[in-house]
Amino acid sequence: MVDRSVRPPTLIRIITLRIALFAALAMAIQAALVFADYYFDNKQLATLMIERETAELSKGFERRHDEAPYKLPHDLHRYGIRGGFYITRIRTPSGQILYTNCDARCDNHLLPQEVNPPDLWSRMLSDGKPLAVAGGKTYEIHGDKIFVEIAILHDSDGIMWAVIGREFADHLATPMAIMLFFVLGGTLLSIRQALRPVAKAAQEAGHLDPLDPSHLINQTSMPREIADLAAAVNRSLARIGALMKSQRLFTTAVAHEIRTPLAMMKLELGNIEHPRARKIEADLDALADFVGQITALGRLESADRAVFQQVDLAKLADWVVADIAPLVYDRDHTIAYSNLGAGSIEGHAPLLADALRNLVENATKHTPDGTTIEVVAGPGPRLTVKDDAGIFDAPAEPPFGDLKADHMGIGLEIVRRITALHGGRMEIEVDPGRCTATTLLFDQPKS
């Protein structure tokens with residue numbers, strides 16, 4: 001059996017996961033390309049390292065000129081060590097040294113002080129990774145040209161990897177994150193808007209009645225592919241409705257055809273004076289009653305909701321009691337009627353009368369002689385049938401195939417369906433030996 005507690009994932013979740021998966025795959029491929037582009041191009045990587053380090057060193061200039069115009073940034077302590085792996089010299093075009101941690105190695109790796117350096121230069125000091133490079137860049141600070149030169153003899157602080165990481169962020173992570181945000185956001189918003197009529201149709205589908213041709217799934221504003229599915233469902237509903245109506249009409253027609261032969265058989269049996277004839281007459285009465293129930297069920301299933309009108313429950317109950325009273329008294333029972341201020345509802349009067357009549361007949365058939373039956377209309381939109389026997393032995397929801405003509409099950413099932421058709425419910429209360437009360441509660445009172 002299908003586990004209904006396990007709900008399938010939503011379309012939005014599926015698409016979100018797919019977009020995220022392919023975005024991650026695209027980022028992985030792009031990351032590999034970016035890594036290969038920078039990692040294996042030593043010349044470009046060396047230039048980027050020079051640009052990064054000189055830019056960070058240039059941040060040490062204060063905005064005012066004083067005795068110490070330059071102060072090494074605190075996060076560049078590696079350039080504050082003499083004899084270390086990171087060498088720098090910051091000077092003006094006139095040769096004035098603003099800052100340096102140079103030793104004799106400056107003459108080996110940096111440009112001579114009398115040389116006016118280009119805007120950007122770099123050269124490799126050794127092959128292999130991590131890179132060892134030297135170079136410099138010219139900056140204009142407070143209107144003056146400043147030459148910032150460095151040499152990285154051994155990249156123990158991972159400047160190369162920091163440069164590659166920044167290129168990842170600048171050329172991959174940030175653009176891809178922005179693109180993913182807008183693509184995913186736009187896609188999910190579009191899907192949500194496209195599925196809004198579908199969600200509404202799903203709610204409507206739970207209340208569709210195949211017997212009502214006006215009950216169809218609304219295809220307005222649906223995407224074409226889903227609208228085609230909705231149209232196919234509507235066609236299937238139309239075929240199901242036609243099939244069910246034809247079956248109900250056939251059942252009702254057969255029931256009507258049987259009633260006449262049954263009446264004739266009972267008439268003929270009345271001329272036979274024999275105890276067995278009386279037994280057959282009782283069986284024929286039960287069979288005729290069952291046929292009547294089938295006819296009522298067929299009328300219920302083929303009822304047109306479009307013809308519902310205002311029904312005064314008090315007048316309806318009064319009429320049913322007057323109509324069925326002779327049968328009740330014939331079976332040595334008594335019946336009473338009281339109106340407690342019943343309301344009116346939109347409904348089908350013959351079907352409601354069938355429901356009330358079924359309840360009275362059940363109370364008559366399944367209680368001892370001398371039982372008092374009371375029909376109460378109200379208060380409000382409700383009808384109640386009580387008896388003082390306090391007996392109830394029918395199942396609450398009997399399987400239709402197990403119903404028998406001499407049992408109240410089919411009658412209660414008809415009553416339950418009629419009540420549900422009118423937007424109500426049936427409630428049964430039993431006080432054994434004292435009272436049985438069956439109430440039809442309608443949730444659509446009309447003023």
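In this predicted model, Ile 335 touches Val 321, Ile 324, Ala 325, Val 328, Tyr 329, Val 360, Ile 373 and Val 375, leaving aside residues up to four places away in sequence. Ile 335 itself sits in strand β7, which covers residues 334-339. With a relative accessible area of 11%, Ile 335 is buried, because buried means under 20%. One of the residues it touches is Ala 325; the C-alpha atoms of Ile 335 and Ala 325 lie 6.6 Å apart in space, and the two residues are ten apart in sequence.

A pair of helices comes next. Helix α7 spans residues 313-330 and helix α8 spans residues 349-365; their axes are 10 Å apart and the angle at which they pack is about 40 degrees. The two helices are therefore oblique to each other, and α7 passes α8 in a right-handed crossing. On the α7 side, the meeting residues are Leu 313, Leu 316, Ala 317, Trp 319, Val 320, Asp 323, Ile 324, Leu 327 and Val 328, while α8 contributes Ala 349, Leu 352, Ala 353, Leu 356, Arg 357, Val 360, Glu 361 and Thr 364. Sorted by class, this contact has 13 nonpolar residues, one polar residue and three charged residues. Ile 324, Val 328 and Val 360 take part in this helix contact, and they are also among the residues touched by Ile 335.

Stepping back to the whole protein, the model holds nine helices and 13 strands. It has 447 residues, of which 38% count as buried. Among contacts between residues at least 6 apart in sequence, 62% join residues at least 24 apart. The accessible surface comes to about 25700 Å², with 58% of it belonging to carbon and sulfur atoms.

Note on methods: Residues numbered from 1 in each chain as written. Predicted model: local features only at pLDDT ≥ 70, side-chain atom pairs only at ≥ 80, totals over all residues. Heavy atoms only, no water. Axes fitted to C-alpha atoms, helices over the stretch in contact; angles between N-to-C directions. Helix = DSSP H or I, 4+ residues; strand = E, 2+ residues; numbered from the N terminus. Parallel < 35°, antiparallel > 145°, perpendicular 65-115°, else oblique. Left-handed = near helix turned anticlockwise from the far one by under 90°. Contact = heavy atoms within 4.5 Å. Nonpolar A, V, L, I, M, F, W, Y, C, P; charged D, E, K, R; others polar. Buried < 20%, exposed > 50% of the residue type's maximum accessible area, 1.4 Å probe, protein only. Areas by Shrake-Rupley, 256 points an atom, 1.4 Å probe, with all protein chains shown as cover.
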